[in-house]
Amino acid sequence: MPGLPRLLAGMTLAAAVVLPVVLVSPASAAPLPCRPGSGPKLAGRDLTRAALPADLSCADLRGATLDGLYVRVPLTGADLRGASLKGTHLGNAQMAGVRLGKADLSEAELYYADLRGADLRGATMDDSSPYGAHLEGADLSGATLTRAKAYSAQFDDAKLVGTDLTDADVYGADLRRADLTRVKAPKARLYGATLIKAVLRRADLRDAQLYGSVMDGADFRDADLGGADLRDVRGARLAGSTGVPKDLPAPGAACEPGEGQHYAGWDLTTVTDFPDDLSCADLTGAKLDGLDLSSVKLNRAILRNVSAAGTTFRSLKGANLTGAHLRRAALGSADLTGANLTRADLSEAAMSSSDLTGATLTGADLRGAEMTSVTADQADFTAARMDRAQLNSGRLRDAVFRKATLTDASLQSAELRGATFQDAEVTGLEVDYAEDADLSGSTSRLGAGWVVFFGIVGLIVFWIVLGLVVRGTRRRKAARKQAAERAVRFSDARSVQEENVTRLGEEIDGAADRTGEIDWNAALDAYDAAKEALATAHDMDDLKDVETIVARGRKALTRRR
(Lines give C-alpha, C1' and ligand atoms only; values in the text may rest on other atoms or scores of the structure.)
Protein backbone atom coordinates (compact mmCIF):
# COMPACT_ATOMS: atom_id res chain seq x y z
CA MET A 1 0.00 0.00 0.00
CA PRO A 2 1.95 3.01 -1.29
CA GLY A 3 -0.08 5.51 0.87
CA LEU A 4 0.66 3.76 4.13
CA PRO A 5 4.11 5.33 4.80
CA ARG A 6 2.63 8.80 4.16
CA LEU A 7 -0.30 8.03 6.49
CA LEU A 8 2.05 6.83 9.21
CA ALA A 9 4.19 9.93 8.75
CA GLY A 10 1.09 12.13 9.12
CA MET A 11 0.08 10.32 12.28
CA THR A 12 3.57 10.80 13.62
CA LEU A 13 3.41 14.54 12.91
CA ALA A 14 -0.02 14.76 14.54
CA ALA A 15 1.31 12.94 17.57
CA ALA A 16 4.19 15.39 17.67
CA VAL A 17 1.68 18.23 17.81
CA VAL A 18 -0.68 16.66 20.34
CA LEU A 19 1.83 14.81 22.48
CA PRO A 20 3.28 17.91 24.24
CA VAL A 21 -0.21 19.03 25.16
CA VAL A 22 -0.91 15.72 26.76
CA LEU A 23 2.43 15.03 28.40
CA VAL A 24 3.48 18.48 29.68
CA SER A 25 1.89 19.12 33.03
CA PRO A 26 1.07 22.75 33.74
CA ALA A 27 1.97 22.20 37.36
CA SER A 28 5.73 22.24 36.75
CA ALA A 29 7.79 23.46 33.84
CA ALA A 30 9.48 20.68 31.85
CA PRO A 31 13.09 21.19 30.79
CA LEU A 32 13.44 22.74 27.34
CA PRO A 33 13.90 20.10 24.63
CA CYS A 34 16.41 22.24 22.74
CA ARG A 35 18.42 25.45 22.75
CA PRO A 36 16.27 28.57 22.07
CA GLY A 37 16.72 29.72 18.47
CA SER A 38 18.16 26.41 17.30
CA GLY A 39 14.91 25.31 15.63
CA PRO A 40 13.41 26.47 12.31
CA LYS A 41 14.87 29.77 11.08
CA LEU A 42 11.90 32.03 10.41
CA ALA A 43 13.16 35.34 11.74
CA GLY A 44 11.49 38.37 10.16
CA ARG A 45 9.13 36.22 8.07
CA ASP A 46 5.48 37.05 7.44
CA LEU A 47 3.79 33.77 8.30
CA THR A 48 0.20 34.96 8.19
CA ARG A 49 -0.42 33.00 4.95
CA ALA A 50 2.21 30.31 5.29
CA ALA A 51 1.79 26.78 6.53
CA LEU A 52 3.52 26.50 9.84
CA PRO A 53 5.91 23.62 10.60
CA ALA A 54 4.48 20.93 12.83
CA ASP A 55 6.87 21.85 15.63
CA LEU A 56 8.22 25.32 16.31
CA SER A 57 9.99 24.46 19.55
CA CYS A 58 13.12 26.61 19.90
CA ALA A 59 12.36 28.19 16.49
CA ASP A 60 13.98 31.50 15.58
CA LEU A 61 10.93 33.73 15.00
CA ARG A 62 12.45 37.05 15.94
CA GLY A 63 10.49 39.87 14.30
CA ALA A 64 8.20 37.41 12.52
CA THR A 65 4.55 38.25 11.82
CA LEU A 66 1.89 35.80 12.99
CA ASP A 67 -1.09 38.16 13.34
CA GLY A 68 -4.47 36.44 13.64
CA LEU A 69 -3.14 32.90 13.17
CA TYR A 70 -4.47 29.86 15.00
CA VAL A 71 -1.28 28.35 16.35
CA ARG A 72 -1.60 24.81 17.60
CA VAL A 73 2.01 23.70 17.24
CA PRO A 74 4.50 23.65 20.13
CA LEU A 75 6.42 26.88 20.69
CA THR A 76 8.38 25.72 23.70
CA GLY A 77 11.65 27.65 23.94
CA ALA A 78 10.93 29.59 20.72
CA ASP A 79 12.55 32.98 20.22
CA LEU A 80 9.75 35.44 19.34
CA ARG A 81 11.41 38.65 20.47
CA GLY A 82 9.92 41.61 18.63
CA ALA A 83 7.45 39.36 16.79
CA SER A 84 3.93 40.52 15.94
CA LEU A 85 1.20 38.25 17.27
CA LYS A 86 -1.72 40.67 17.30
CA GLY A 87 -4.97 38.78 17.67
CA THR A 88 -3.14 35.44 17.40
CA HIS A 89 -4.98 32.43 18.82
CA LEU A 90 -2.66 30.70 21.27
CA GLY A 91 -5.16 29.08 23.64
CA ASN A 92 -3.63 26.06 25.43
CA ALA A 93 -0.39 26.68 23.56
CA GLN A 94 2.81 25.08 24.82
CA MET A 95 5.13 28.10 25.23
CA ALA A 96 7.22 27.31 28.29
CA GLY A 97 10.51 29.25 28.24
CA VAL A 98 9.46 31.20 25.14
CA ARG A 99 11.18 34.52 24.47
CA LEU A 100 8.61 37.26 23.77
CA GLY A 101 10.53 40.37 24.76
CA LYS A 102 8.93 43.46 23.13
CA ALA A 103 6.59 41.23 21.12
CA ASP A 104 3.15 42.57 20.24
CA LEU A 105 0.49 40.27 21.70
CA SER A 106 -2.33 42.79 21.80
CA GLU A 107 -5.75 41.10 21.62
CA ALA A 108 -4.01 37.70 21.51
CA GLU A 109 -5.87 34.73 22.98
CA LEU A 110 -3.62 33.03 25.50
CA TYR A 111 -6.15 31.26 27.67
CA TYR A 112 -4.70 28.30 29.56
CA ALA A 113 -1.43 28.68 27.68
CA ASP A 114 1.72 27.31 29.26
CA LEU A 115 4.05 30.30 29.55
CA ARG A 116 6.05 29.15 32.55
CA GLY A 117 9.45 30.79 32.69
CA ALA A 118 8.62 32.85 29.57
CA ASP A 119 10.43 36.11 28.90
CA LEU A 120 7.78 38.76 28.21
CA ARG A 121 9.79 41.83 29.16
CA GLY A 122 8.42 44.92 27.45
CA ALA A 123 5.78 42.91 25.57
CA THR A 124 2.53 44.56 24.50
CA MET A 125 -0.41 42.49 25.73
CA ASP A 126 -3.18 45.07 25.80
CA ASP A 127 -6.67 43.54 25.53
CA SER A 128 -5.14 40.03 25.46
CA SER A 129 -6.81 37.06 27.14
CA PRO A 130 -4.32 35.04 29.20
CA TYR A 131 -6.98 33.84 31.61
CA GLY A 132 -6.11 30.59 33.35
CA ALA A 133 -2.65 30.72 31.76
CA HIS A 134 0.43 29.37 33.54
CA LEU A 135 2.95 32.16 33.96
CA GLU A 136 4.85 30.75 36.93
CA GLY A 137 8.34 32.25 37.04
CA ALA A 138 7.67 34.32 33.90
CA ASP A 139 9.23 37.77 33.55
CA LEU A 140 6.69 40.40 32.48
CA SER A 141 8.71 43.43 33.60
CA GLY A 142 7.72 46.52 31.66
CA ALA A 143 4.99 44.66 29.77
CA THR A 144 1.60 46.30 29.19
CA LEU A 145 -1.58 44.35 29.91
CA THR A 146 -4.14 47.15 29.96
CA ARG A 147 -7.68 45.73 29.90
CA ALA A 148 -6.19 42.24 29.70
CA LYS A 149 -8.28 39.29 30.90
CA ALA A 150 -5.84 37.47 33.14
CA TYR A 151 -8.27 36.15 35.69
CA SER A 152 -7.42 32.85 37.37
CA ALA A 153 -3.94 32.97 35.82
CA GLN A 154 -0.94 31.53 37.66
CA PHE A 155 1.74 34.14 38.36
CA ASP A 156 3.57 32.31 41.13
CA ASP A 157 7.11 33.72 41.50
CA ALA A 158 6.57 35.79 38.35
CA LYS A 159 8.27 39.14 37.86
CA LEU A 160 5.97 42.03 36.98
CA VAL A 161 8.21 44.98 37.80
CA GLY A 162 6.70 48.12 36.26
CA THR A 163 4.07 46.07 34.44
CA ASP A 164 0.96 47.98 33.33
CA LEU A 165 -2.24 46.25 34.51
CA THR A 166 -4.50 49.28 34.21
CA ASP A 167 -8.16 48.26 34.15
CA ALA A 168 -7.13 44.60 33.79
CA ASP A 169 -9.11 41.59 35.05
CA VAL A 170 -6.77 39.67 37.34
CA TYR A 171 -9.34 38.45 39.81
CA GLY A 172 -8.76 35.00 41.30
CA ALA A 173 -5.19 34.99 39.99
CA ASP A 174 -2.39 33.41 41.98
CA LEU A 175 0.36 35.98 42.54
CA ARG A 176 2.07 34.46 45.50
CA ARG A 177 5.71 35.58 45.83
CA ALA A 178 5.32 37.61 42.64
CA ASP A 179 7.38 40.79 42.33
CA LEU A 180 4.95 43.59 41.48
CA THR A 181 7.26 46.46 42.33
CA ARG A 182 6.07 49.67 40.64
CA VAL A 183 3.23 47.80 38.94
CA LYS A 184 0.61 50.09 37.43
CA ALA A 185 -2.80 48.71 38.28
CA PRO A 186 -5.27 51.57 38.73
CA LYS A 187 -8.86 50.32 38.50
CA ALA A 188 -7.59 46.76 38.07
CA ARG A 189 -9.85 43.98 39.32
CA LEU A 190 -7.75 41.81 41.63
CA TYR A 191 -10.49 40.64 43.95
CA GLY A 192 -10.08 37.13 45.32
CA ALA A 193 -6.44 37.05 44.20
CA THR A 194 -3.71 35.32 46.16
CA LEU A 195 -0.96 37.80 47.03
CA ILE A 196 0.83 35.82 49.70
CA LYS A 197 4.35 37.28 50.16
CA ALA A 198 3.94 39.31 46.99
CA VAL A 199 6.04 42.47 46.69
CA LEU A 200 3.96 45.52 45.77
CA ARG A 201 6.37 48.28 46.73
CA ARG A 202 5.61 51.63 45.03
CA ALA A 203 2.72 49.94 43.20
CA ASP A 204 -0.08 52.09 41.81
CA LEU A 205 -3.28 50.45 43.06
CA ARG A 206 -5.57 53.44 43.00
CA ASP A 207 -9.23 52.46 42.81
CA ALA A 208 -8.22 48.82 42.38
CA GLN A 209 -10.64 46.12 43.53
CA LEU A 210 -8.78 43.88 45.96
CA TYR A 211 -11.62 42.71 48.15
CA GLY A 212 -11.49 39.14 49.39
CA SER A 213 -7.83 38.74 48.47
CA VAL A 214 -5.31 36.86 50.58
CA MET A 215 -2.34 39.09 51.45
CA ASP A 216 -0.37 37.34 54.17
CA GLY A 217 3.19 38.64 54.16
CA ALA A 218 2.62 40.99 51.20
CA ASP A 219 4.80 44.12 51.09
CA PHE A 220 2.86 47.32 50.35
CA ARG A 221 5.51 49.88 51.29
CA ASP A 222 5.01 53.12 49.33
CA ALA A 223 2.17 51.52 47.36
CA ASP A 224 -0.65 53.95 46.49
CA LEU A 225 -3.93 52.46 47.72
CA GLY A 226 -6.02 55.58 47.25
CA GLY A 227 -9.65 54.60 46.66
CA ALA A 228 -8.84 50.88 46.60
CA ASP A 229 -11.45 48.39 47.81
CA LEU A 230 -9.89 46.17 50.49
CA ARG A 231 -13.01 44.73 52.04
CA ASP A 232 -12.65 41.32 53.66
CA VAL A 233 -9.02 40.90 52.62
CA ARG A 234 -7.05 38.50 54.77
CA GLY A 235 -3.62 38.97 56.28
CA ALA A 236 -3.30 42.58 55.09
CA ARG A 237 -0.37 44.54 56.53
CA LEU A 238 -0.50 47.91 54.80
CA ALA A 239 2.17 49.68 56.84
CA GLY A 240 4.09 52.18 54.75
CA SER A 241 1.46 52.41 52.01
CA THR A 242 0.13 55.72 50.75
CA GLY A 243 -3.33 56.85 49.74
CA VAL A 244 -6.55 56.20 51.61
CA PRO A 245 -8.44 53.08 50.52
CA LYS A 246 -12.14 53.31 49.86
CA ASP A 247 -12.77 50.25 52.02
CA LEU A 248 -10.66 48.34 54.52
CA PRO A 249 -11.13 45.07 56.35
CA ALA A 250 -12.97 45.68 59.60
CA PRO A 251 -10.49 45.90 62.50
CA GLY A 252 -10.81 43.27 65.16
CA ALA A 253 -13.09 44.09 68.05
CA ALA A 254 -10.08 44.02 70.36
CA CYS A 255 -7.63 45.92 68.16
CA GLU A 256 -5.06 48.06 69.93
CA PRO A 257 -4.55 51.78 69.17
CA GLY A 258 -2.09 52.16 66.30
CA GLU A 259 -2.64 48.68 64.87
CA GLY A 260 -4.79 50.02 62.04
CA GLN A 261 -3.85 52.16 59.06
CA HIS A 262 -1.00 54.65 59.49
CA TYR A 263 -1.75 58.19 58.33
CA ALA A 264 0.40 60.09 60.83
CA GLY A 265 1.20 63.56 59.53
CA TRP A 266 -0.86 63.17 56.34
CA ASP A 267 -2.91 65.95 54.80
CA LEU A 268 -6.22 64.18 54.18
CA THR A 269 -8.30 67.26 53.39
CA THR A 270 -8.50 66.37 49.68
CA VAL A 271 -9.70 62.79 50.25
CA THR A 272 -13.35 62.42 49.24
CA ASP A 273 -14.02 58.76 50.03
CA PHE A 274 -12.89 57.35 53.37
CA PRO A 275 -13.15 53.76 54.60
CA ASP A 276 -16.10 53.13 56.88
CA ASP A 277 -13.87 51.90 59.69
CA LEU A 278 -10.53 53.41 60.72
CA SER A 279 -10.64 52.09 64.24
CA CYS A 280 -7.19 51.80 65.85
CA ALA A 281 -5.64 53.82 62.99
CA ASP A 282 -2.74 56.17 63.71
CA LEU A 283 -3.57 59.70 62.53
CA THR A 284 -1.15 61.57 64.79
CA GLY A 285 -0.76 65.14 63.54
CA ALA A 286 -2.93 64.51 60.47
CA LYS A 287 -4.76 67.40 58.80
CA LEU A 288 -8.52 66.80 58.74
CA ASP A 289 -9.92 70.34 58.72
CA GLY A 290 -13.48 70.70 57.45
CA LEU A 291 -14.00 67.02 56.57
CA ASP A 292 -17.22 65.11 57.12
CA LEU A 293 -16.17 61.94 58.96
CA SER A 294 -19.57 61.24 60.44
CA SER A 295 -19.74 57.84 58.70
CA VAL A 296 -16.19 56.80 59.66
CA LYS A 297 -15.52 54.82 62.82
CA LEU A 298 -12.46 56.10 64.64
CA ASN A 299 -12.83 54.08 67.82
CA ARG A 300 -9.53 53.70 69.71
CA ALA A 301 -7.79 55.61 66.93
CA ILE A 302 -4.76 57.78 67.71
CA LEU A 303 -5.58 61.39 66.81
CA ARG A 304 -3.03 63.24 68.90
CA ASN A 305 -2.46 66.84 67.77
CA VAL A 306 -4.68 66.45 64.69
CA SER A 307 -5.90 69.60 63.00
CA ALA A 308 -9.65 69.12 62.66
CA ALA A 309 -11.23 72.57 62.87
CA GLY A 310 -14.86 72.41 61.77
CA THR A 311 -14.65 68.62 61.18
CA THR A 312 -17.66 66.38 61.75
CA PHE A 313 -17.18 63.25 63.88
CA ARG A 314 -19.53 60.63 65.30
CA SER A 315 -17.56 57.55 66.45
CA LEU A 316 -14.55 58.32 68.66
CA LYS A 317 -15.02 55.83 71.46
CA GLY A 318 -11.77 55.41 73.37
CA ALA A 319 -9.90 57.60 70.86
CA ASN A 320 -6.77 59.49 71.88
CA LEU A 321 -7.33 63.15 70.99
CA THR A 322 -4.66 64.66 73.23
CA GLY A 323 -3.86 68.19 72.08
CA ALA A 324 -6.24 67.92 69.12
CA HIS A 325 -7.36 71.13 67.44
CA LEU A 326 -11.14 70.76 67.28
CA ARG A 327 -12.28 74.37 67.29
CA ARG A 328 -15.88 74.59 66.05
CA ALA A 329 -15.90 70.85 65.35
CA ALA A 330 -19.31 69.21 64.85
CA LEU A 331 -19.55 66.55 67.55
CA GLY A 332 -23.29 66.50 68.10
CA SER A 333 -24.45 63.04 69.27
CA ALA A 334 -20.86 61.79 68.97
CA ASP A 335 -19.71 58.77 70.96
CA LEU A 336 -16.69 59.96 72.95
CA THR A 337 -16.97 57.53 75.84
CA GLY A 338 -13.58 56.96 77.41
CA ALA A 339 -11.90 59.32 74.93
CA ASN A 340 -8.78 61.22 75.96
CA LEU A 341 -9.21 64.93 75.15
CA THR A 342 -6.48 66.27 77.40
CA ARG A 343 -5.51 69.82 76.35
CA ALA A 344 -7.73 69.56 73.27
CA ASP A 345 -9.08 72.78 71.78
CA LEU A 346 -12.87 72.38 71.69
CA SER A 347 -13.72 76.07 71.81
CA GLU A 348 -17.10 76.81 70.24
CA ALA A 349 -17.50 73.14 69.34
CA ALA A 350 -21.04 71.79 68.81
CA MET A 351 -21.34 68.86 71.21
CA SER A 352 -25.04 68.69 71.99
CA SER A 353 -26.21 65.21 73.07
CA SER A 354 -22.68 63.79 72.77
CA ASP A 355 -21.60 61.00 75.12
CA LEU A 356 -18.51 61.87 77.18
CA THR A 357 -18.95 59.21 79.83
CA GLY A 358 -15.60 58.54 81.47
CA ALA A 359 -13.82 60.90 79.06
CA THR A 360 -10.73 62.86 80.13
CA LEU A 361 -10.81 66.58 79.32
CA THR A 362 -8.05 67.77 81.66
CA GLY A 363 -6.90 71.24 80.62
CA ALA A 364 -9.19 71.21 77.58
CA ASP A 365 -10.44 74.47 76.07
CA LEU A 366 -14.25 74.36 76.02
CA ARG A 367 -14.90 78.10 75.94
CA GLY A 368 -18.21 78.82 74.26
CA ALA A 369 -18.84 75.13 73.57
CA GLU A 370 -22.47 74.06 73.01
CA MET A 371 -22.93 70.97 75.21
CA THR A 372 -26.66 70.94 75.84
CA SER A 373 -28.00 67.52 76.92
CA VAL A 374 -24.47 66.07 77.01
CA THR A 375 -23.89 62.85 78.95
CA ALA A 376 -20.65 63.13 80.91
CA ASP A 377 -20.92 60.88 83.94
CA GLN A 378 -17.50 60.53 85.62
CA ALA A 379 -15.92 62.79 83.02
CA ASP A 380 -12.82 64.66 84.19
CA PHE A 381 -12.87 68.42 83.47
CA THR A 382 -9.96 69.25 85.81
CA ALA A 383 -8.45 72.67 84.98
CA ALA A 384 -10.58 72.89 81.84
CA ARG A 385 -11.49 76.34 80.52
CA MET A 386 -15.26 76.36 80.20
CA ASP A 387 -16.13 80.06 80.08
CA ARG A 388 -19.58 80.55 78.54
CA ALA A 389 -19.96 76.80 77.93
CA GLN A 390 -23.59 75.67 77.74
CA LEU A 391 -24.24 72.40 79.59
CA ASN A 392 -27.95 72.87 80.17
CA SER A 393 -29.96 69.70 80.82
CA GLY A 394 -26.79 67.63 80.78
CA ARG A 395 -26.11 64.57 82.89
CA LEU A 396 -22.83 65.02 84.74
CA ARG A 397 -23.02 62.65 87.67
CA ASP A 398 -19.71 62.29 89.54
CA ALA A 399 -18.03 64.60 87.01
CA VAL A 400 -14.90 66.39 88.22
CA PHE A 401 -14.62 70.17 87.72
CA ARG A 402 -11.63 70.69 90.02
CA LYS A 403 -9.85 73.99 89.22
CA ALA A 404 -12.01 74.40 86.12
CA THR A 405 -13.01 77.88 84.97
CA LEU A 406 -16.79 78.10 84.57
CA THR A 407 -17.18 81.87 84.30
CA ASP A 408 -20.61 82.73 82.86
CA ALA A 409 -21.19 79.06 82.00
CA SER A 410 -24.60 77.44 82.35
CA LEU A 411 -25.57 74.21 84.10
CA GLN A 412 -29.28 74.92 84.28
CA SER A 413 -31.45 71.83 84.78
CA ALA A 414 -28.33 69.62 84.76
CA GLU A 415 -27.96 66.47 86.86
CA LEU A 416 -24.95 67.09 89.12
CA ARG A 417 -25.18 64.40 91.76
CA GLY A 418 -21.68 63.70 93.06
CA ALA A 419 -20.07 66.34 90.83
CA THR A 420 -17.18 68.19 92.52
CA PHE A 421 -16.22 71.85 92.02
CA GLN A 422 -13.25 72.12 94.36
CA ASP A 423 -11.24 75.30 93.59
CA ALA A 424 -13.34 75.87 90.45
CA GLU A 425 -14.02 79.44 89.30
CA VAL A 426 -17.81 79.77 89.12
CA THR A 427 -18.32 83.52 88.71
CA GLY A 428 -21.59 84.03 86.85
CA LEU A 429 -22.28 80.26 86.68
CA GLU A 430 -25.99 79.56 86.23
CA VAL A 431 -27.27 76.51 88.11
CA ASP A 432 -30.99 77.27 88.18
CA TYR A 433 -33.07 74.09 88.53
CA ALA A 434 -29.90 71.95 88.56
CA GLU A 435 -30.23 68.75 90.58
CA ASP A 436 -27.88 68.19 93.55
CA ALA A 437 -25.66 71.12 92.65
CA ASP A 438 -22.93 71.42 95.32
CA LEU A 439 -20.53 74.26 94.61
CA SER A 440 -18.75 74.01 97.94
CA GLY A 441 -15.06 74.67 97.68
CA SER A 442 -15.48 76.76 94.53
CA THR A 443 -14.59 80.44 94.26
CA SER A 444 -16.46 83.39 92.80
CA ARG A 445 -15.28 86.87 91.99
CA LEU A 446 -17.38 90.01 91.53
CA GLY A 447 -19.83 89.52 88.73
CA ALA A 448 -19.07 90.99 85.39
CA GLY A 449 -22.11 93.29 85.60
CA TRP A 450 -20.95 94.82 88.86
CA VAL A 451 -17.43 95.12 87.53
CA VAL A 452 -18.80 97.09 84.60
CA PHE A 453 -20.98 99.24 86.89
CA PHE A 454 -18.19 100.14 89.26
CA GLY A 455 -15.91 100.65 86.36
CA ILE A 456 -18.29 103.22 84.90
CA VAL A 457 -18.73 104.93 88.29
CA GLY A 458 -14.98 105.05 88.78
CA LEU A 459 -14.56 106.51 85.33
CA ILE A 460 -17.13 109.25 86.10
CA VAL A 461 -15.39 110.08 89.39
CA PHE A 462 -12.07 110.17 87.63
CA TRP A 463 -13.34 112.68 85.07
CA ILE A 464 -14.89 114.86 87.81
CA VAL A 465 -11.66 114.91 89.80
CA LEU A 466 -9.68 115.52 86.66
CA GLY A 467 -11.99 118.45 85.81
CA LEU A 468 -11.55 119.97 89.24
CA VAL A 469 -7.80 119.60 89.07
CA VAL A 470 -7.68 121.15 85.64
CA ARG A 471 -9.92 124.02 86.76
CA GLY A 472 -7.80 124.65 89.87
CA THR A 473 -4.66 124.62 87.79
CA ARG A 474 -6.16 127.10 85.38
CA ARG A 475 -7.20 129.36 88.26
CA ARG A 476 -3.75 129.26 89.81
CA LYS A 477 -2.15 130.06 86.50
CA ALA A 478 -4.55 133.01 86.03
CA ALA A 479 -3.86 134.24 89.58
CA ARG A 480 -0.12 134.07 89.00
CA LYS A 481 -0.54 135.97 85.76
CA GLN A 482 -2.67 138.64 87.43
CA ALA A 483 -0.20 138.95 90.30
CA ALA A 484 2.62 139.39 87.82
CA GLU A 485 0.67 142.07 85.99
CA ARG A 486 -0.12 143.85 89.31
CA ALA A 487 3.52 143.71 90.28
CA VAL A 488 4.49 145.38 87.01
CA ARG A 489 1.86 148.08 87.44
CA PHE A 490 2.90 148.62 91.09
CA SER A 491 6.53 148.91 90.09
CA ASP A 492 5.72 151.47 87.42
CA ALA A 493 3.46 153.44 89.78
CA ARG A 494 6.09 153.36 92.60
CA SER A 495 8.68 154.73 90.21
CA VAL A 496 6.29 157.61 89.43
CA GLN A 497 5.70 158.32 93.11
CA GLU A 498 9.37 158.07 93.88
CA GLU A 499 9.97 160.82 91.31
CA ASN A 500 7.13 162.87 92.92
CA VAL A 501 8.76 162.60 96.33
CA THR A 502 12.16 163.55 94.87
CA ARG A 503 10.70 166.59 93.09
CA LEU A 504 8.97 167.62 96.33
CA GLY A 505 12.33 167.61 98.05
CA GLU A 506 13.84 169.61 95.23
CA GLU A 507 10.97 172.11 95.42
CA ILE A 508 11.52 172.53 99.19
CA ASP A 509 15.25 173.14 98.61
CA GLY A 510 14.47 175.66 95.88
CA ALA A 511 12.22 177.62 98.17
CA ALA A 512 14.82 177.97 100.96
CA ASP A 513 16.22 181.35 99.66
CA ARG A 514 12.92 183.09 99.74
CA THR A 515 11.38 185.08 102.51
CA GLY A 516 10.34 183.27 105.66
CA GLU A 517 6.69 183.45 104.90
CA ILE A 518 6.41 179.70 103.91
CA ASP A 519 4.95 177.09 106.33
CA TRP A 520 8.22 175.18 106.46
CA ASN A 521 7.17 172.80 109.20
CA ALA A 522 4.18 171.51 107.27
CA ALA A 523 6.20 171.13 104.03
CA LEU A 524 9.06 169.26 105.71
CA ASP A 525 6.67 167.02 107.66
CA ALA A 526 4.90 166.12 104.37
CA TYR A 527 8.23 165.29 102.68
CA ASP A 528 9.31 162.99 105.52
CA ALA A 529 5.90 161.34 105.66
CA ALA A 530 5.91 160.78 101.86
CA LYS A 531 9.35 159.09 101.99
CA GLU A 532 8.24 156.86 104.88
CA ALA A 533 4.97 155.93 103.12
CA LEU A 534 6.84 155.15 99.86
CA ALA A 535 9.28 152.91 101.71
CA THR A 536 6.45 150.85 103.24
CA ALA A 537 4.09 150.84 100.22
CA HIS A 538 2.87 147.37 99.13
CA ASP A 539 0.01 148.07 96.78
CA MET A 540 -1.57 150.74 94.66
CA ASP A 541 -3.59 152.11 97.62
CA ASP A 542 -0.36 152.75 99.54
CA LEU A 543 1.02 154.60 96.51
CA LYS A 544 -2.14 156.73 96.40
CA ASP A 545 -1.43 157.69 100.03
CA VAL A 546 2.10 158.72 98.95
CA GLU A 547 0.62 160.84 96.18
CA THR A 548 -1.78 162.50 98.66
CA ILE A 549 1.05 163.33 101.10
CA VAL A 550 3.19 164.82 98.29
CA ALA A 551 0.26 166.99 97.24
CA ARG A 552 -0.10 168.20 100.86
CA GLY A 553 3.57 169.11 100.96
CA ARG A 554 3.38 171.11 97.74
CA LYS A 555 0.34 172.94 99.13
CA ALA A 556 2.30 173.85 102.22
CA LEU A 557 4.98 175.50 100.04
CA THR A 558 2.44 177.90 98.60
CA ARG A 559 0.70 178.74 101.83
CA ARG A 560 1.77 181.92 103.78
CA ARG A 561 1.83 182.18 107.47
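Tutor: Let us begin with Leu-459, which has a relative accessible area of 49% and is therefore partly exposed. The class follows because exposed means over 50% and buried means under 20%, with partly exposed in between. Please keep in mind throughout that this is a predicted model.

Student: Where does Leu-459 lie?

Tutor: Leu-459 lies in helix H2. Together with Phe-462, Trp-463, Leu-466 and Val-470, Leu-459 forms a nonpolar patch on the surface. The accessible area of these residues together is about 480 Å².

Student: Which residues gather in a patch of positive charge on the surface?

Tutor: That patch consists of Arg-471, Arg-474, Arg-475, Arg-476, Lys-477 and Arg-480. One of them, Arg-471, is placed in helix H2, which covers residues 448-510.

Student: How should I read a salt bridge, and how many does the structure hold?

Tutor: The general idea is that a side-chain nitrogen of Lys or Arg lies within 4 Å of a carboxyl oxygen of Asp or Glu. The structure holds 22 salt bridges. Consider Arg-494 and Glu-498, whose closest N and O atoms are 3.8 Å apart. Because this distance is within 4 Å, the pair is a salt bridge.

Student: Where do Arg-494 and Glu-498 lie?

Tutor: Both lie in helix H2, and they are four residues apart, about one turn of the helix. Arg-494 has a relative accessible area of 28% and is partly exposed. Glu-498, at 40% relative accessibility, also counts as partly exposed.

Student: Which residue forms a salt bridge with Asp-229?

Tutor: The partner of Asp-229 is Arg-231, and their closest N and O atoms are 2.7 Å apart. Arg-231, with a relative accessible area of 37%, is partly exposed.

Student: Which residues are linked in a network of salt bridges?

Tutor: Asp-156, Asp-174 and Arg-176 are linked in such a network.

Student: Let us turn to the rings. How many aromatic pairs does the structure hold?

Tutor: The structure holds 11 aromatic pairs. In one of them, the rings of Tyr-151 and Tyr-171 have their centres 5.0 Å apart and their planes at 5 degrees, so this pair is stacked. The reasoning rests on the angle, because planes under 30 degrees apart count as stacked.

Student: Where do Tyr-151 and Tyr-171 lie?

Tutor: Each of the two lies in the loop between helix H1 (4-23) and strand E1 (292-297), so the pair ties together parts that are 20 residues apart in sequence. Tyr-151 counts as partly exposed at 23% relative accessibility, and Tyr-171 counts as partly exposed at 26%. Tyr-171 also forms a stacked aromatic pair with Tyr-191, at 4.8 Å centre to centre and 0 degrees between the planes. This pair links distant parts of the chain, for Tyr-171 and Tyr-191 are 20 residues apart, each in the loop between H1 and E1. Tyr-191 is partly exposed, with a relative accessible area of 23%.

Student: Which residues do ring pairs link into a cluster?

Tutor: The cluster contains Tyr-111, Tyr-112, Tyr-131, Tyr-151, Tyr-171, Tyr-191 and Tyr-211.

Student: What should I notice about backbone angles?

Tutor: Most residues other than glycine have a negative phi. Asp-207 has a positive phi of about 60 degrees although it is not a glycine. Asp-207 is placed in the loop between H1 and E1 and is partly exposed, with a relative accessible area of 42%. Tyr-433, likewise not a glycine, has a positive phi of about 65 degrees. Tyr-433 lies in the loop between E2 and H2 and counts as exposed at 72% relative accessibility.

Student: Finally, how far apart are Ser-307 and Leu-326 in sequence and in space?

Tutor: They are 19 residues apart in sequence and 6.9 Å apart in space, C-alpha to C-alpha. Ser-307 lies in the loop between E1 and strand E2 (312-315). With a relative accessible area of 24%, Ser-307 is partly exposed.

Terms used. Residues numbered from 1 in each chain as written. Predicted model: local features only at pLDDT ≥ 70, side-chain atom pairs only at ≥ 80, totals over all residues. Heavy atoms only, no water. Patch = residues over 30% accessible without salt bridge, like charges linked within 9 Å, V, L, I, M, F, W, Y side chains within 5 Å. Areas by Shrake-Rupley, 256 points an atom, 1.4 Å probe, with all protein chains shown as cover. Lys, Arg positive; Asp, Glu negative; His and termini not counted. Charge placed at Lys NZ, Arg CZ, Asp CG, Glu CD. Buried < 20%, exposed > 50% of the residue type's maximum accessible area, 1.4 Å probe, protein only. Phe/Tyr/Trp six-rings, centres within 6.5 Å; stacked < 30°, edge-to-face > 60°.
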